[in-house]
Structures are given as structure tokens and as C-alpha cells.
Amino acid sequence: MIRLGLLQFKSSIKMWLTGIFVFIVYGWLISFCLTGAVTLEKELSSQQNNPLPIFVMPMFFGGITLFFVISNVIKTIVNELSDEYRMWMFLGADSRQISIIIAVQLSLVGFIGSCLGYIVMLFSIDSIYNTLQNFIGKVWLPEVNFKIIPMLFVIVNLLSIMICFLSGVLNSKKILKIRSTGKYFKLIIQVVVSVGFIVSSVKIILISSRTESGRSLFLVLFWMILFQIYLGQDLIKILAKIGRLLLPENCGSTGNLAIQQTSVNASKIRDDLIPIIVVQTIIYGLIELLFGLSDPNNMDMKNIVVSFIIYVDAPLIIVIANTVSVAMLKQPEQYENFGQLSRIGFTRGMLIHERSEEILFNSCLLFIVSLISNIFLYFIVRDHLINAFNTMIIIDLPLMVSGLIFVVLVVMETCNILIWYDKNLNKNKIEL
Amino acid sequence: MKIMANKVTKVMGNKGNQIEILHGIDLQTSSGEFLSIIGPSGSGKTTLLKCLSGLVQPTSGTVKIDNQLLNNISERKIAKLRRTKISYIFQSYNLLPALSAFDNIVLPLRLSRQRINKTKIYQLMNSLNFKADLKQLPAELSGGEQQKVAIARALTMKAEIIFADEPTGALDSTSRQIIFDQLRQLADSGVCIVMVTHDIGQAAQTDRALVLNDGQVMAEVNHPTEPLLISAMNETKKAII
């Protein structure tokens with residue numbers, strides 16, 4: 001099976017390498033964290049604060065994030081190569097064999113990505129460590145000399161290969177819809193997550209002390225993230241339908257098409273939005289916990305920065321890298337769509353207009369879901385929040401996130417359209 | 001090795017916009033029989049072939065292969081059936097572009113972890129008059145050579161049933177005859193072949209022909225000849241008019 005996976009990889013290498021960005025970023029992240037942790041461990045004295053969690057925890061949270069978000073990359077590639085995978089099935093490959101073929105290919109991309117990530121880390125570790133030192137101080141992060149440790153290179157690659165292989169096997173079964181128990185399994189998980197989320201939320205409302213509610217908020221946050229992962233898609237689906245119903249019947253030629261496109265691409269959009277919503281929720285939850293529920297007299301800014309590094313930076317970096325990877329992978333599909341639209345008379349300006357409206361609709365969805373999550377988190381602990389806690393953050397943060405996503409995606413799409421037009425114009429000139 | 005289809009129907013489309021493509025088709029074949037299915041475009045030939053071969057689930061009715069019911073068969077069992085007993089030959093040459101000709105031929109054996117005898121494969125390809133290199137990828141082979149690879153795959157895995165959908169449809173006349181002759185030889189050696197075709201000349205060389213129209217079997221011709229099939233097709237047209 002491994003040999004067949006390698007042969008399949010050779011044939012679709014271009015497609016896989018298009019999505020390599022997220023793997024390079026993950027390779028860089030774990031190389032940086034491992035090198036940092038190993039080097040600091042040698043230098044540590046017992047009196048100092050222990051900085052190891054700053055390096056170990058992002059590795060852990062980054063790995064978990066990669067495990068989940070990677071399904072988007074696999075889904076896009078499997079969709080592009082669906083005819084080939086269907087043929088594998090016609091010729092007698094069962095679900096286990098196909099998922100191994102996909103996992104082998106994913107592991108190879110993970111391996112190449114982590115090698116490149118390691119190289120990037122070698123050039124960037126000193127400057128990033130210095131930046132961290134400026135934020136946290138030399139008590140937490142003492143002066144150290146980073147050296148190349150060959151064993152770490154092997155560990156980084158093994159970690160990356162292991163996560164990619166496991167995620168490949170599990171996600172490909174789900175994507176190819178060849179896991180017969182999948183439907184019931186998903187339902188059971190949804191019920192468990194909903195119960196956990198409701199119970200933890202009710203519990204925190206009944207708590208009377210601020211310290212206790214701070215501890216319980218962690219638990220609510222944990223269940224809420226699972227809720228968003230396993231039930232978020234269905235909720236976004238309902239909200240998108242309501243959104244489309246509320247919009248006027250005639251939104252102009254590009255507007256009407258944009259709404260239709262969001263309906264056709266609904267499942268892909270939901271896949272793209274969930275990781276961003278999860279990271280937004282983690283950031284808001286941490287802000288509430290560190291600024292809203294902490295004693296303002298004993299607030300330690302360094303501790304707050306460390307907490308953000310531990311919990312947020314790795315998922316945030318991986319989610320951004322994943323968004324870029326998926327956008328790159330969708331380029332051929334986009335080009336096909338541009339071709340179809342231009343053949344029926346869409347100009348370059350109309351295409352940019354239509355795509356911007358589509359992204360605006362999705363960004364609004366992102367804003368609304370994030371806002372609902374934040375309002376919920378605010379209300380369950382509002383009695384314990386200190387006066388200094390700025391409630392505007394409930395709106396500001398989702399606005400910033402959705403605004404940033406809107407701007408990044410519009411810029412990427414505009415570049416895509418311009419590149420496509422440029423390519424096509426050149427092609428037409430050659431043909432003439 | 002028998003195929004038994006009982007009142008097979010197939011409905012396609014979304015709610016409110018459904019079309020019944022097959023209307024209760026009954027069919028039986030036996031080992032060593034070469035069955036052809038002919039009919040105009042849109043008559044449901046390919047859909048019937050897909051239902052018979054387990055590529056598509058019928059909406060109602062049953063399909064059995066060697067007394068094994070294909071409706072609701074587990075994914076693992078159908079996969080095993082595909083790598084041990086059933087083989088497909090399509091017009092669009094169902095070869096994996098990632099694998100060389102040789103790897104495509106031995107794929108079912110590899111998937112079921114059987115030993116591969118290289119010499120035998122090379123001998124087989126010589127007997128099929130395969131002129132290209134077995135290390136070449138499908139994209140580097142001509143249409144005729146690609147179909148020979150698909151036939152070699154069926155032969156290597158000792159398929160008991162071959163489902164062929166317009167297997168010579170995209171080939172030149174010489175390759176068409178070579179491929180058809182190979183299928184005929186396979187049927188004579190005991191393999192059951194179900195072939196969908198537009199070519200009345202080829203259908204006339206099979207053991208039995210079904211004339212399909214609008215998802216129904218309009219005529220069944222044993223030991224068909226070209227005039228018999230043409231008249232059956234014409235009668236079908238008249239009956240519809």
C-alpha cells in the first residue's frame with residue numbers, strides 16, 4: 001500500500017505541494033518550540049520561572065489544531081482527484097486501503113513541509129527569541145545560544161509524519177463517506193458535546209465567587225470549542241439561510257450571483273469559517289479570563305502575554321496558514337469559475353465586485369457567529385466581571401477578525417482574478 | 001457465476017424533479033455467456049450496467065451476483081468482489097493515471113495481497129499483441145493499448161464477470177476488432193461478459209442481445225444477427241411512435 005501511495009503521490013505531487021504552506025508553518029512551529037525547550041532546559045536554574053510551557057504547550061495545541069484543520073486540505077485535494085479515488089474503489093480498494101493511500105501522501109507532504117520548516121526555523125529562531133525576550137523579559141527567557149541539534153530534526157519530522165498519517169487515515173474515511181458508522185458516531189458526539197456545554201454553562205451561572213467562575217470558564221470554553229467544531233456547521237447553515245432570506249430579492253446582477261454562489265459553496269464556506277470562529281472564541285475567552293475575572297491590582301502583564309503565547313499563538317498561526325493553503329488549493333477551481341463567468345460576459349471589474357460581495361456575506365456570517373459566542377461567554381459570567389472589563393471587546397474582536405478576513409480574502413481574490421486575466425490575455429495573444 | 005436482476009428500477013434527480021430511468025428490469029446471465037445491451041442514447045443502458053455491477057444501487061428491486069445480494073452489501077465485501085470476481089472495461093479506459101501499465105494490471109492482486117508472477121504478465125501481454133512498454137503510464141499509451149491493459153487486468157485477476165461499457169467506442173477499426181475478439185475469447189473460456197454497445201455489428205456476434213428503450217427491455221434476441229437486431233430496433237421505434 002505504501003508503494004501505491006508513493007506512486008499516487010508522484011502523479012499528484014503538484015496538487016499536494018500547492019497545499020504545503022500549512023505544513024511548512026507547522027514544521028517551523030514545532031522546530032522552534034522543540035529547539036527552544038531543549039536549549040532552555042539545559043540552561044535553567046531552579047530559582048527561575050519555568051519557561052518550558054511557553055514552548056511545550058504551543059506544540060501541543062498546534063498539533064491538535066493541525067489535526068483538525070488538515071481535513072480541509074485533504075477534502076480539497078480529494079475533491080480535485082475524486083475521479084481517481086473512485087477508480088481505486090472500482091478496482092477493489094476498500095476504505096482502509098484508500099485512506100492509507102491518502103495518509104501516505106499526506107505524511108510525505110508533512111515530511112517535506114517539516115524539513116522546510118526546520119530550515120526556516122534555523123534562520124529565524126534568534127530574532128523571534130529576542131522579540132519574545134522583549135515582551136516577557138530575561139527573567140523568564142534568559143540569554144541562550146541556539147545550536148543545531150540533529151536529533152531534533154528527526155523528532156520534528158517524526159512528529160509531523162505521525163500527525164499527518166493519523167489525520168489522513170481518520171479524515172479521509174470521513175471525507176470519502178466510507179465509514180458506515182460515521183453518521184451515528186457524529187450524532188453521539190453532538191449529543192455528548194451539547195450536554196457538556198449546557199451543564200458547564202448552567203454550573204458557571206450558579207457559581208457565586210469570582211475565582212471559582214474563572215476556573216469554570218476554562219471548562220465552558222473547552223465545551224464551547226467542541227460545540228463549535230461539531231455543531232457549528234449546522235448553526236452556520238441555518239444562519240446563512242436566514243441571511244439569504246432577509247436580503248432583498250434583487251441585489252443587482254453581481255449581488256444575485258454572489259448570493260447563489262454562497263448557497264452552492266455553503267459546505268466549503270462552513271469548513272473555512274469554523275477554525276477562525278474557534279480561534280476568535282479562544283482569544284475572547286482568554287481576554288475575559290485574564291482581564292475580566294482577574295484582580296486588577298494583581299494583574300501581571302507578562303503573565304498575560306505568556307498565557308496568550310501558550311494558548312493562542314499556535315492555533316492562530318496554524319489556522320491562518322491553513323486558510324492560505326486552502327485558498328491556494330482552490331485556485332484551479334476558481335480559475336474554472338472565472339472562465340465560465342467571463343465567457344458569459346463578466347468583465348474583470350464585475351468579477352472582483354461579485355467575489356467581494358460573496359466574501360462580504362461570509363464575513364458577516366463570521367461576525368454574527370463570533371458575536372453570538374462572545375455575548376454568551378459574557379452573560380454567563382457578567383456578575384463576576386470587574387468594572388474595568390471593557391464590554392466593547394465583545395463587538396470589537398469579531399469586527400476586527402471578520403474585517404481582517406474580508407480584507408485578506410478580497411486582496412487574494414483580486415490578485416487571483418488579475419493573474420487569471422493576465423494569463424488568459426497572454427494565451428489569447430499566442431493563439432492569435 | 002450468475003447475475004440475477006429482479007424488477008430493477010432506478011430513479012434519479014432531486015425531490016420534485018425525479019425521473020425513473022429503469023422500469024422494473026428482470027435479467028439473468030450464466031457463466032460463459034456474452035450478453036450485449038443495445039438501444040438508443042438515453043435508453044438506460046449504462047445505468048442498467050452500473051446497477052448490475054454494483055457501481056450504483058438500484059432504487060428498488062434486487063441484483064445478485066453468484067447468489068450474493070448486492071443491495072446493501074458491505075463496503076468491504078463489494079471491494080473484495082471487485083478485486084476477485086468482477087472486472088470493468090469502460091470506454092474511458094478505467095486505468096489509474098498514477099500507475100504504470102504493469103502496476104494497473106496487477107493492482108487487484110496487490111490489493112488482495114496475492115503473489116505476482118512477472119513472467120506470466122509479460123507472456124500474457126505478448127499474447128494480446130501489446131506493443132508498448134509495460135513501464136509506461138496510461139497517458140503514454142494509445143487507446144487500443146489501454147484497453148488491452150484493462151483486459152489483461154481482468155485476465156490476471158481471473159475475473160468471472162466482465163462489465164464492459166462501450167469498450168471499443170473510442171478505438172479505430174483495427175483495435176476495435178482486436179479488443180472485441182479478446183472479449184469473445186474470454187466468453188468462450190467461461191467468463192460472463194455483459195457489454196453495452198451502440199455497435200449492432202458487435203452485438204450480432206454475442207450470445208444474446210437485449211434491446212433497451214426508455215428504461216425497459218423491448219426485445220431479447222438469442223443468437224442475434226445484424227438483420228434480426230435491426231428489425232428489433234425498428235419494431236421498438238414503431239411501437240413507441
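Predicted model: local features only at pLDDT ≥ 70, side-chain atom pairs only at ≥ 80, totals over all residues.
**Exercise 1.** Find how many residues each chain brings to the contact, and how much area is buried between the chains.

*Solution.* Step 1: chain B gives 21 residues to the contact, and chain A gives 19 residues. Step 2: the buried area between the two chains is about 1,900 Å², with 63% of this area coming from carbon and sulfur atoms. Step 3: on the side of chain B, the residues that lose the most area to chain A are E75(B), L96(B) and L111(B), which together make up 29% of what that side buries.

**Exercise 2.** Describe the polar links between chain B and chain A, then state which elements and classes of residue make up the side of chain B that touches chain A.

*Solution.* Step 1: there are two salt bridges between chain B and chain A. One of the salt bridges joins the side chains of D103(B) and R3(A), at 3.2 Å from N to O. Step 3: in chain B, at least two residues of the touching side come from each of α2 (75–84), β6 (86–90) and α3 (101–111). Step 4: sorted by class, that side of chain B holds twelve nonpolar, eight charged and one polar residue.

**Exercise 3.** Count the cavities of 30 Å³ or more, and describe the lining of the largest cavity.

*Solution.* Step 1: the count is one cavity of 30 Å³ or more. Step 2: the largest cavity holds about 40 Å³ of space. Step 3: its lining draws on both chains, with F90(A) and L91(A) from chain A, and with R82(B), I86(B), S87(B), Y88(B), P108(B), R153(B) and M157(B) from chain B. Step 4: β6(B) supplies the largest share of this lining, three residues. Step 5: the lining has six nonpolar, two charged and one polar residue.

**Exercise 4.** Give the volume of the second largest pocket and say what lines this pocket.

*Solution.* Step 1: the volume is about 680 Å³. Step 2: 28 residues line the second largest pocket, and I269(A), D272(A), K330(A), Q334(A) and E358(A) lie nearest its centre. Step 3: the elements of chain A that give two or more residues include α10 (252–264), α12 (301–329) and α14 (348–380). The largest share, six residues, is from α11(A). Step 4: by class, the lining divides into eleven nonpolar, ten polar and seven charged residues.

How values were computed. Residues numbered from 1 in each chain as written. Chains lettered and ligands numbered in written order. Heavy atoms only, no water. Contact = heavy atoms within 4.5 Å. Buried area = accessible area lost by both parts, 1.4 Å probe. Salt bridge = Lys/Arg side-chain N within 4 Å of Asp/Glu carboxyl O. Polar contact = N/O pair within 3.5 Å; in protein donor to acceptor, adjacent residues only side chain to side chain. Helix = DSSP H or I, 4+ residues; strand = E, 2+ residues; numbered from the N terminus. Nonpolar A, V, L, I, M, F, W, Y, C, P; charged D, E, K, R; others polar. 1 Å grid on protein atoms, 1.4 Å probe; cavity = no way out; pocket = protein on both sides within 12 Å on 5 of 7 lines; lining within 4 Å. Points joined across faces, edges and corners; volume = space filled by probe spheres on them.
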